[in-house]
Amino acid sequence: MFHWEKDSNVTGEISGRTRGDMDIVTLKPSCQINIGMSKSLKNWFFQLQATDIFKTARSSMITYGTQMTLDKWNYSDTQALRLIVRYVFNTAMSKYKGKGAGVSERSRL
């Protein structure tokens, strides 16, 4: 994560998995790179994210059977662009302090 202004960030993430064996299946390696930017303006928060920007994520494996071997090479449709917009209504976190509510209870205590 990099901060380039007071309320702005740039994030990057690389996630992956190495080759592995599980019973009769060999999983092939895979990785993906995600990036994002966020900005806060008063009560507003904006975030833009891009996932798997180089289309490298895949779900590939080799399954070994007695009669055949299945080699599955599947690129997942994991590329996405996401925009998140949030608005904070009660930034001061103030609570309502009405008049008359609970006066008798405070007196009792």
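Aspartate 71 is partly exposed, with a relative accessible area of 47%. The model you are looking at is predicted, so treat each answer as a reading of that prediction.

**Exercise 1. Find the strands that pair with β5, and say in which sense they run.**

Step 1. Start with strand β2, residues 8–17. Strand β2 runs antiparallel to β5, and 10 bridges join the two. To check one of these on screen, pick glycine 16: its bridge partner in β5 is cysteine 31.

Step 2. Now turn to strand β6, residues 44–51. This strand also pairs with β5 in the antiparallel sense, over 7 bridges. A pair to look for here is isoleucine 35 with alanine 50 in β6.

**Exercise 2. Describe the surroundings of serine 40: where does it lie, and what does it touch?**

Step 1. Serine 40 has a relative accessible area of 25%, so it counts as partly exposed.

Step 2. List its contacts. Leaving out residues up to four places away in sequence, serine 40 touches Asp7 and Phe45.

Step 3. Lysine 6 is 34 residues from serine 40 along the chain, and their C-alpha atoms are separated by 8.9 Å.

**Exercise 3. How many salt bridges does the model hold, and which residues form them?**

Step 1. Set the cut-off: a side-chain nitrogen of Lys or Arg must lie within 4 Å of a carboxyl oxygen of Asp or Glu. With this rule the count is 3.

Step 2. Take glutamate 5 and lysine 39, whose closest N and O atoms are 2.9 Å apart. Glutamate 5 is in strand β1 (residues 2–5) and lysine 39 in β5, so this pair ties together parts 34 residues apart in sequence. Both ends are partly exposed: glutamate 5 at 41% relative accessibility, lysine 39 at 27%.

Step 3. Next come arginine 19 and aspartate 21, whose side chains meet at 3.7 Å, N to O. Arginine 19 is exposed at 54%, and aspartate 21 is exposed at 55%.

Step 4. Finish with lysine 28 and aspartate 71, with closest N and O atoms 2.7 Å apart. Lysine 28 sits in the loop between β4 (25–27) and β5, while aspartate 71 is in strand β8 (residues 69–72), so the bridge ties together parts 43 residues apart in sequence. Lysine 28 is buried at 13%, whereas aspartate 71 is partly exposed at 47%.

**Exercise 4. Which side chain of opposite charge is nearest to aspartate 52, and what else surrounds this residue?**

Step 1. Locate aspartate 52 in the loop between β6 and β7 (61–64).

Step 2. Look for a charged partner. The nearest side chain of opposite charge is lysine 55, 7.7 Å away. A salt bridge needs the atoms within 4 Å; aspartate 52 has none, yet is buried.

Step 3. Look for a polar neighbour instead. A polar atom of the aspartate 52 side chain lies 3.3 Å from the backbone nitrogen of alanine 57.

Step 4. Complete the picture with its contacts. Beyond four places in sequence, aspartate 52 touches Gln32, Ile33, Asn34, Ala57, Thr78 and Gln79.

Terms used
Residues are numbered from 1 along each chain as its sequence is written. This is a predicted model: local features need pLDDT of at least 70, side-chain atom pairs count only at pLDDT 80 or more; totals for chains, interfaces and linings use all residues. Side-chain values use heavy atoms; hydrogens and water are left out. Buried means under 20% relative accessible area, exposed over 50%, partly exposed in between (1.4 Å probe, protein chains only). Contact means heavy atoms within 4.5 Å. Two strands pair if DSSP finds at least two bridges between them. Helices (H or I, at least four residues) and strands (E, at least two) are DSSP runs, numbered from the N terminus. Lys and Arg count as positive and Asp and Glu as negative; His and the chain ends are not counted. A polar contact is a pair of N or O atoms within 3.5 Å; within protein, one must be able to donate a hydrogen and the other to accept it, and residues adjacent in sequence count only if both atoms are side-chain atoms.
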